[in-house]
Amino acid sequence: MSYDGRMYTVQIGGVERHLPIFQVAPGVKIAIFNMLGDTEVVETAATALCTRLPAETDVLVVPEVKAIPLAHALSARSKLPYVVVRKARKPYMVNCLETEVLSITTGAPQTLYVDGKDVPLLQGKRVALVDDVISTGSTLRGLRQLMAQANATVVAEMAVFTEGKADDWNHVIALGHLPIFTD
């Protein structure tokens with residue numbers, strides 16, 4: 001990734017942030033949104049998303065890492081439990097569900113895991129998938145595959161931002177959209 005000093009300004013509720021624009025591939029640049037450690041953004045986004053959370057939702061499902069604080073804040077507001085889908089299998093995780101996706105950030109295949117202890121929280125439940133940014137949809141596809149393995153029904157897909165072609169994400173409940181910049 002390379003950075004030339006340009007920024008892209010976004011609004012999340014009444015909160016404004018300036019996102020650095022990084023080149024991620026030849027001729028392709030994106031605004032990098034990282035809410036880790038930004039309590040004001042996390043809290044504001046959780047409040048806004050909570051008002052749009054379908055009433056029939058039983059469980060929130062979130063991929064690690066950057067969306068975990070959002071899931072926690074959304075869980076606190078909605079009183080719903082959340083399950084973290086892991087990107088690495090830890091020794092204490094047994095009877096995992098797993099699926100492989102192509103990561104946009106690493107450009108390499110990545111395996112997603114649901115810890116076996118969390119499977120009963122998902123079985124037969126209605127879940128909302130929650131992420132910070134939905135860009136290519138590969139993580140979202142992986143989450144859907146895992147929910148199918150867990151016999152859970154996806155009732156909503158939510159994010160702070162979608163990215164890329166806006167028409168690809170009409171079904172996603174999002175607070176904003178980030179463009180892709182091409183030279």
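## Salt bridges and core packing

D4, R6 and K29 are joined in a network of salt bridges, a salt bridge being a side-chain nitrogen of Lys or Arg within 4 Å of a carboxyl oxygen of Asp or Glu. The model is predicted: local features need pLDDT of at least 70 and side-chain atom pairs count only at pLDDT 80 or more, while totals for chains, interfaces and linings use all residues. Residues are numbered from 1 along each chain as its sequence is written, and side-chain values use heavy atoms, with hydrogens and water left out.

The structure holds 11 salt bridges.

| Pair | N to O distance |
|---|---|
| D4 and R6 | 3.2 Å |
| R89 and E98 | 3.6 Å |
| R144 and E157 | 2.6 Å |

R144 belongs to helix α4 (residues 138-149) and E157 to strand β9, so this pair ties together parts that are 13 residues apart in sequence. Helices (H or I, at least four residues) and strands (E, at least two) are DSSP runs, numbered from the N terminus. E157 is buried, at 7% relative accessibility, whereas R144 is partly exposed at 32%. Here buried means under 20% relative accessible area, exposed over 50%, and partly exposed in between (1.4 Å probe, protein chains only). D4, at 46%, is partly exposed, and R6 is partly exposed at 38%.

Helix α1 (residues 39-50) has 12 residues and spans 16 Å from its first C-alpha to its last, close to the 16 Å expected at 1.5 Å a residue; the expected span is 1.5 Å times one less than the number of residues. Its buried residues are V41, V42, A45, A46 and L49. Viewed down the axis of α1, these residues fall within an arc of 125°, so they line one face of the helix; the arc is that of the directions from the helix axis to the C-beta atoms. They pack against β1 (2-12), β2 (15-25), α2 (68-78), β9 (153-163) and β10 (173-178).

The largest nonpolar core has 28 residues, of which F33, L70, M158, V160 and F161 touch the most other members. Such a core is a set of buried Ala, Val, Leu, Ile, Met, Phe, Trp, Tyr and Cys residues joined through side-chain atoms within 4.5 Å. With five residues, α1 gives the most to this core. Apart from it lies another core of 23 residues, including V59, V61, V114 and L122.

Conventions:
Contact means heavy atoms within 4.5 Å.
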